[in-house]
Amino acid sequence: MSGLHDLQAYEVVEGIKQGLFSAEEYFSSVIKTLEHVESRLHSFITLDTDKALSCAKVIDGKLKANEDIGQLGGVVVGIKDNISTKGIRTTCASKLLESYVPSYDATVIQRLKQNGAIILGKLNLDEFGMGSTTEYSSYYPTHNPWNLDYVPGGSSGGSGAAVAAGECTVSLGSDTGGSIRCPASFCSVVGLKPTYGRVSRYGLISYANSLEQIGPICRSVKDVVMIMNIISGKDNKDDTSMSSSPITINNKLEKFEIAIIKDLIDGSDDEVKRTIYSASEKFSDIGCMLDEISIKHLNYALPSYYTLASAEASSNLARYDNIRYGFNLPIEEYKWDTYFSDVRKNFGEEVKRRILIGSYVLSSGYYSKYYLKARGLRSLLKLELLKLFKKYDLLIGPTMPILPFKFGEKIDDPIKMYLVDINTVIANLAGIPAISLPVGFSNGLPIGLQIMAAPFEEQKLIDVSYALEQAINIQRRPKLE
Amino acid sequence: MISKDEIEYLAKISKISLTEDEAKKFPEQLDKTIEYIDILDELASDHSIILDLQEIKFDELRDDVVRMSGALPITRNLTEEGFLKGPKMK
């Protein structure tokens, strides 16, 4: 069944502006889909349907009054539940924040609203963004719309599943070590992790500040461009943010020099390997040069990532101390030594593991053995990549080394779980942009191609992704009727 | 090998209490993780290689200017005495 909920964001805005359908009609179509599939997918933690409906009516009213409805006028957007939304509960999928209602909007939310977007609700994730499957959400896991027995990827699993299933037209995720690209790959949608600093992090609830970025998950490259141009830019509330030139869709492709990262292919499952190689053949069809390279410091990337991310997490999550955020404990039972830990025991297992590892790598005696070495590796890796980008425009490989897997497969073995992030953490460590583009299926399960570029070279990612998207023309919508 | 005592100490400084189940399985899990990141020790200890990736100079920071935040007033959780009150723990 295809309907208005199937449209892409740019088609929605055009349709509403031209009067082909009203914002309310399109909104109702999205809600109908949501009501039909949400009980099976569990993409959302909180829905704000009534407010969203009234926003759709406002858009229709503006159009009648000949007022500007904005670049995203009427488009239904879902937001990962670690991005602050004024007046809408923001839980980070944690019990610690189950009643937290932010009093302000993140900068990205402000910008979406100013451009007429409709915020439908908050999407599921692994608690505080720590995980690759949504199984570490304190509420419930999200299911993969392509096969409900499989994980949707994570940590922005709700963001990936909801867009793939048509529960919202686009979504925002956040990416600390692959959390946008992993679910984009597992759900056959497009996900972009921007260059560090391109998008303001103000209002993103911190997990590992030096690594994370907010980015879009969409059903087309064109929609990614649309959202990026709205959320990017310098923000006085985030001093790491920078201004950047807008990106655009170009119909003519430059002849790019592209290198496949051989190590990432070698470490992948056979089905993934085959699909990536056959997708990369298309690069020569669209006029690009293809080469193969190795990254010297690749072996150290994942250990370095987990050291840095855990260290930053242990420090960031110290704020949940039962004073600034916490619960109302009866004063009679108050004991100094357990006042904090009584509340912090509500963190999930994975969050606790990372806090403990973080405390370990930062403690005296281990600080120079792990943390400093990890930071050093990060610099070496970035220098190595920048050197490669002098020769090549883009580096490619599989987004995920494996196909989506079944629930419970890796949950008891943290290292097995961490290893699925091996291809994606590189971009976060180096602060470079990376996109995941759907390029195929194996046994009905999606496979994504990852493309990386030098800092602030998002335009190159978009150019080649758009050309490849036209050349491959892959199915984006699962059958969930 | 990370000992049970070490984990207890880490939990104490992190202000976290572990459930019985966690106390049982964490030593092995954390041990594996630390073993995994041990490869970092192979890297040379040349501190000169540490570069700040996102260098922000002090004079590039914005000036402090007081203005209204536009945030919602935090009245929903105020007690009669005017204190902020957290939700009940389940």
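1. B:Lys15 is located in the loop that joins helix 1 (4-13) and helix 2 (20-37) of chain B. Helices (H or I, at least four residues) and strands (E, at least two) are DSSP runs, numbered from the N terminus. Although B:Lys15 is not a glycine, its phi is positive, about 55°. B:Lys15 counts as buried because it has 20 or more other C-beta atoms within 10 Å of its own, namely 21 C-beta neighbours. A residue with 12 or fewer is exposed, and one in between is partly exposed; C-beta atoms are placed from the backbone.

2. This is a predicted model, in which local features need pLDDT of at least 70 and side-chain atom pairs count only at pLDDT 80 or more, whereas totals for chains, interfaces and linings use all residues. Residues are numbered from 1 along each chain as its sequence is written, while chains are lettered from A and ligands numbered from 1 in the order in which they are written. The model scores ipTM 0.88 and pTM 0.94.

3. Chain B has two helices and zero strands. Of its 90 residues, 11% count as buried. The average pLDDT of chain B is 79, and 76% of the residues score at least 70; pLDDT is the predictor's confidence in each residue, from 0 to 100. Where pLDDT is low, the predicted coordinates should not be read in detail.

4. How many residues does each chain bring to the contact? Chain A gives 50 residues and chain B gives 41 residues, two residues being in contact if their C-beta atoms, placed from the backbone, lie within 7 Å. On the side of chain A that touches chain B, at least two residues come from each of helix 10 (298-316), helix 11 (341-344), helix 12 (349-362), helix 13 (367-391) and helix 14 (414-419) of chain A. Helix 13 of chain A supplies the largest share of that side, twelve residues. By class, this side of chain A has 21 nonpolar, 17 polar and twelve charged residues. Here Ala, Val, Leu, Ile, Met, Phe, Trp, Tyr, Cys and Pro count as nonpolar, Asp, Glu, Lys and Arg as charged, and the others, Gly among them, as polar.

5. Helix 10 and helix 13 of chain A also pack against each other, at an angle of about 125° and with their axes 9 Å apart. Axes are lines fitted to C-alpha atoms, for helices over the stretch in contact, and angles run from 0 to 180 degrees between N-to-C directions. Helix 10 of chain A is therefore oblique to helix 13 of chain A. Angles under 35 degrees count as roughly parallel, over 145 as roughly antiparallel, 65 to 115 as roughly perpendicular and the rest as oblique. The contact of these two helices has nine nonpolar, two polar and two charged residues.

6. Helix 2 and helix 3 (residues 49-64) of chain A pack with their axes 8 Å apart, at an angle of about 155°. The two helices of chain A are therefore roughly antiparallel. Among the residues making this contact are A:Phe27 and A:Ile31 of helix 2 and A:Leu53 and A:Ile59 of helix 3.

7. A:His42 lies in the loop between helix 2 (23-41) and strand 1 (44-47) of chain A. Phi of A:His42 is positive, near 55°, in a residue other than glycine. A:His42 counts as buried because it has 20 C-beta neighbours inside 10 Å.
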